[in-house]
Structure formats: structure tokens, C-alpha cells
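Keep the structure open and follow along.

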Amino acid sequence: MKRLAKLRLILLFAILALVLSGCGEPFLSTLQPAGEVANMQFGLMKLSTYIMIGVILVVTIIFVIVFFRFRRKDDTIPKQVEGNHKLEILWTVIPILLLLILAVPTVTTTFKLADVSAMDKKDSKALVINVRAHLYWWDFEYPGQKIVTSQELVVPTNQKVYFNLKSLDVKHAFWIPAVGGKMDVNTDNVNKFWLEFDEKKADEAGNLFYGKCAELCGPSHALMDFKVKAISNDQFNTWVKAMQNVSAPQKATSDLAAQGQAIFNKSCIGCHAVTPSNKLPDTARLAPNLTDFGDRSRIAGILPHDTKHLKEWIHNPEQFKPGNMMAGKYPQMNDQELDALAAYLMSLKVQQ
């Protein structure tokens with residue numbers, strides 16, 4: 001029976017290893033670092049893991065040696081080592097050395113990661129992005145470029161990107177697992193940090209990283225996703241210029257899209273903007289900016305980006321993200337109206 005139990009245990013671990021190995025996607029895995037911040041944090045993880053394994057191995061070896069070599073063979077009391085200064089010094093110094101080996105690089109890395117002085121300098125040329133978290137979507141404002149977008153963050157590779165993080169409702173956490181650790185997004189203060197996106201790793205990830213909310217913020221916490229397009233500096237500048245060129249809502253390119261634009265202007269424009277130069281204060285932005293909606297990779301951060309899922313989302317967003325603020329804010333639409341509105345939204349592209 002004992003042998004059978006061991007076999008079951010081994011089989012269970014084998015299945016777990018097989019299943020968990022599927023988590024190692026380059027666009028999501030913390031074990032495949034894709035930037036300077038992630039590399040530093042991964043290095044600390046490896047260092048602490050190696051120390052832990054080393055301690056376990058040494059203790060296990062000592063235990064095995066003692067167990068077999070010094071097994072009690074009679075009733076005599078073993079030699080007592082209480083008060084042995086050499087041993088007391090030894091098992092006091094070793095833990096201190098281990099802590100120093102772990103603490104020095106940890107403290108050094110922490111100060112380096114917390115250095116956001118470049119974004120606060122007067123006339124700074126650093127790329128700064130204001131991130132605003134809502135239930136359950138993300139707003140991204142580029143104050144230096146005077147553009148706003150939502151749900152999909154666009155960043156250049158191989159340069160530092162600085163973030164101002166704030167929440168407009170409840171506590172959230174901003175996290176791009178493959179690129180760096182999470183940072184709290186609070187309602188009462190602005191947290192700052194920086195990330196760098198490695199060009200080679202971005203290519204391996206298809207230039208699209210997954211972002212998550214890492215704070216339990218409500219019933220759709222697990223669905224509060226966003227995507228990060230990491231592209232070359234030239235491509236980023238091209239995207240910025242294309243966004244800046246949209247000074248007025250784009251005109252519909254077909255009769256069906258024109259019908260959809262009319263529906264949008266009647267039912268949706270009170271919450272959604274379709275120009276990137278959104279001059280409203282962040283507290284007045286009620287829903288994602290849709291200027292480049294047609295260029296995005298996901299609907300609401302989670303659904304495939306196609307007409308079918310867009311119509312299903314508009315028809316009943318509550319079934320995909322319970323507790324979202326979109327449900328019930330506009331009249332129900334028939335199939336023809338949904339077709340028209342979807343055609344208009346899919347035509348909102350800033351790049352060909």
C-alpha cells in the first residue's frame with residue numbers, strides 16, 4: 001500500500017509539472033524576464049532560491065550523517081555541547097553571512113528601482129505615462145505627447161518608460177508580469193516607477209505583453225486586463241504622430257459605418273471619446289478612449305478582437321465583466337443597430 005501511495009504522489013507531481021509548464025509564455029511569465037527591471041528582480045529570486053536550497057541541502061546532509069553515524073546504541077547520555085563557544089559562534093555567524101549576501105544586492109536593487117528622478121526634472125525628455133485605473137478598465141495618458149488612449153498601452157523598446165499610477169475608484173495594482181513586478185494603484189496618492197521593455201524579448205512575445213490587475217478590486221478583478229504593445233522607437237514615434245493627427249472624430253468609411261456613427265453619437269459619446277487629445281480631467285473620463293479601437297488586439301482587454309465578440313460585448317457587457325460600469329448606460333439595440341455600431345468602431349484606426 002505504501003508503494004502505491006508513493007507512486008500516486010509521484011504521478012501527481014508529474015501531472016502538476018506538466019500543467020504548470022504551460023504557464024511559461026513569454027508575454028506573461030515572470031520566469032522569462034523581458035526587461036531590465038524584470039532581470040534584476042529575477043536575479044534576486046534566483047539568489048534567494050539558491051541560498052534556500054543550499055541551506056536545505058546542508059541541513060539534510062548533516063541530519064543524514066548524524067542519523068546513521070551516531071545512532072544511539074545504548075542508554076548512555078551523549079556528550080553535551082551546551083556552552084561550546086566555537087559552535088555558538090559558528091551557527092550565529094553563518095546566518096548573518098547568508099543574510100548579508102541576500103540583503104546587500106536586495107537593498108542596492110531596491111534603491112535603483114525606486115529612482116524616478118529623471119521624470120521629475122524640469123524640461124525632462126523622459127517618456128512619462130499617467131496610468132488611471134477604473135472598474136474595470138485602464139486609461140493611459142501621454143502628457144508629453146498630449147494624447148490619451150485606453151486598454152492597450154503602447155511603449156517603445158530599449159528605453160526607460162516612467163509611470164504615474166493613480167486609481168479613480170478602488171485600490172488596484174498595475175502589473176506586467178514579464179516586464180516587472182507589480183505596483184499598487186491607490187486613490188489617495190500617486191505611485192511612480194519605471195520599466196524597460198527589451199526589444200529581443202518583445203519580438204519573442206509577438207510585441208504584445210499581457211498586463212493584469214494584481215489587487216482584489218471586485219467581482220471582475222480577474223478580468224481587469226490590459227495589453228502592452230512594445231515596438232521600436234521609430235514605430236512608436238510613427239504611432240504618436242498618427243494619434244496626434246486625429247484632431248476630430250474620424251468619418252465613417254461606409255454607409256453601414258455611417259449608421260453606426262450616428263448611433264454612437266446618440267448613445268455612446270457621452271462616455272467614450274474618439275479623439276486622443278482628451279482635455280477632460282482624468283476624473284471626468286467615464287469610459288475608455290476609443291480613438292484607435294480598430295487597431296487593438298482585444299475587446300475590453302479579454303475578448304478576441306472581431307465583430308462577433310464586439311456585438312456580444314455591446315449587447316450584454318455584464319455577462320463578460322460582472323459589475324462593470326457600462327451595463328445599463330445605453331438603450332438595447334437590435335441586430336441591425338449592432339452591426340452598424342460594430343462596423344463604425346472597427347473602422348476607428350490611426351494606422352494603415
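A crossing of two helices is called right-handed if the near helix is turned clockwise from the far one by less than a right angle, and left-handed if the turn is anticlockwise. This is a predicted model. In it, α8 passes α9 in a right-handed crossing.

Start with that pair. Two packed helices are described by the angle between their axes and by the distance between those axes. The axes of α8 and α9 cross at roughly 120° and come within 10 Å. Which residues meet there? From α8 come Thr 307, Leu 310, Lys 311, Ile 314 and His 315. From α9 come Leu 338, Asp 339, Leu 341, Ala 342, Leu 345 and Met 346. By type, the contact holds 7 nonpolar, 2 polar and 2 charged residues.

Now turn to the nonpolar cores. In soluble globular proteins, nonpolar side chains tend to be buried together. The largest nonpolar core here has 50 residues. Within it, Phe 174 and Phe 209 touch the most other members. A second, separate core has 24 residues, including Ala 257. Ile 314, Leu 341 and Leu 345 are also in that second core, and these three take part in the contact of α8 with α9.

Next, go to the loop that links those two helices. α8 covers 307-315, α9 covers 335-346, and Glu 318 sits in the loop between them. Is Glu 318 buried, partly exposed or exposed? Its relative accessible area is 33%, so Glu 318 counts as partly exposed. Beyond its neighbours within four places in sequence, Glu 318 is in contact with Gly 323, Asn 324 and Ala 327. A polar atom of the Glu 318 side chain lies 3.0 Å from the backbone nitrogen of Gly 323. Ser 220 is 98 residues away from Glu 318 along the chain, yet their C-alpha atoms are separated by 9.9 Å.

Backbone geometry comes next. Leu 135 and Tyr 136 are joined by a cis peptide bond, with omega about -5°. Tyr 136 lies in the loop between β1 (127-134) and β2 (137-142).

Two residues other than glycine have positive phi. For Gln 151, phi is near 70°. Gln 151 is in the loop between β3 (147-150) and β4 (152-156). Its relative accessibility is 7%, so Gln 151 counts as buried. For Asn 207, phi is near 60°. Asn 207 belongs to the loop between α5 (199-204) and β9 (208-213). Asn 207 is partly exposed, because its relative accessible area is 27%.

Thr 157 is another loop residue, placed between β4 and β5 (160-167). At 6% relative accessibility, Thr 157 is buried. What does Thr 157 touch, not counting residues up to four places away in sequence? Its partners are Phe 197, Asp 198, Glu 199, Ala 202, Ala 230, Ile 231 and Ser 232.

End with Leu 28, in the loop between α1 (2-20) and α2 (36-69). A relative accessible area of 31% makes Leu 28 partly exposed. Apart from neighbours within four places in sequence, Leu 28 is in contact with Pro 177, Ala 178 and Tyr 210.

Definitions and conventions:
Residues numbered from 1 in each chain as written. Predicted model: local features only at pLDDT ≥ 70, side-chain atom pairs only at ≥ 80, totals over all residues. Heavy atoms only, no water. Core = buried A, V, L, I, M, F, W, Y, C linked by side-chain atoms within 4.5 Å. Buried < 20%, exposed > 50% of the residue type's maximum accessible area, 1.4 Å probe, protein only. Helix = DSSP H or I, 4+ residues; strand = E, 2+ residues; numbered from the N terminus. Contact = heavy atoms within 4.5 Å. Polar contact = N/O pair within 3.5 Å; in protein donor to acceptor, adjacent residues only side chain to side chain. Axes fitted to C-alpha atoms, helices over the stretch in contact; angles between N-to-C directions. Nonpolar A, V, L, I, M, F, W, Y, C, P; charged D, E, K, R; others polar.
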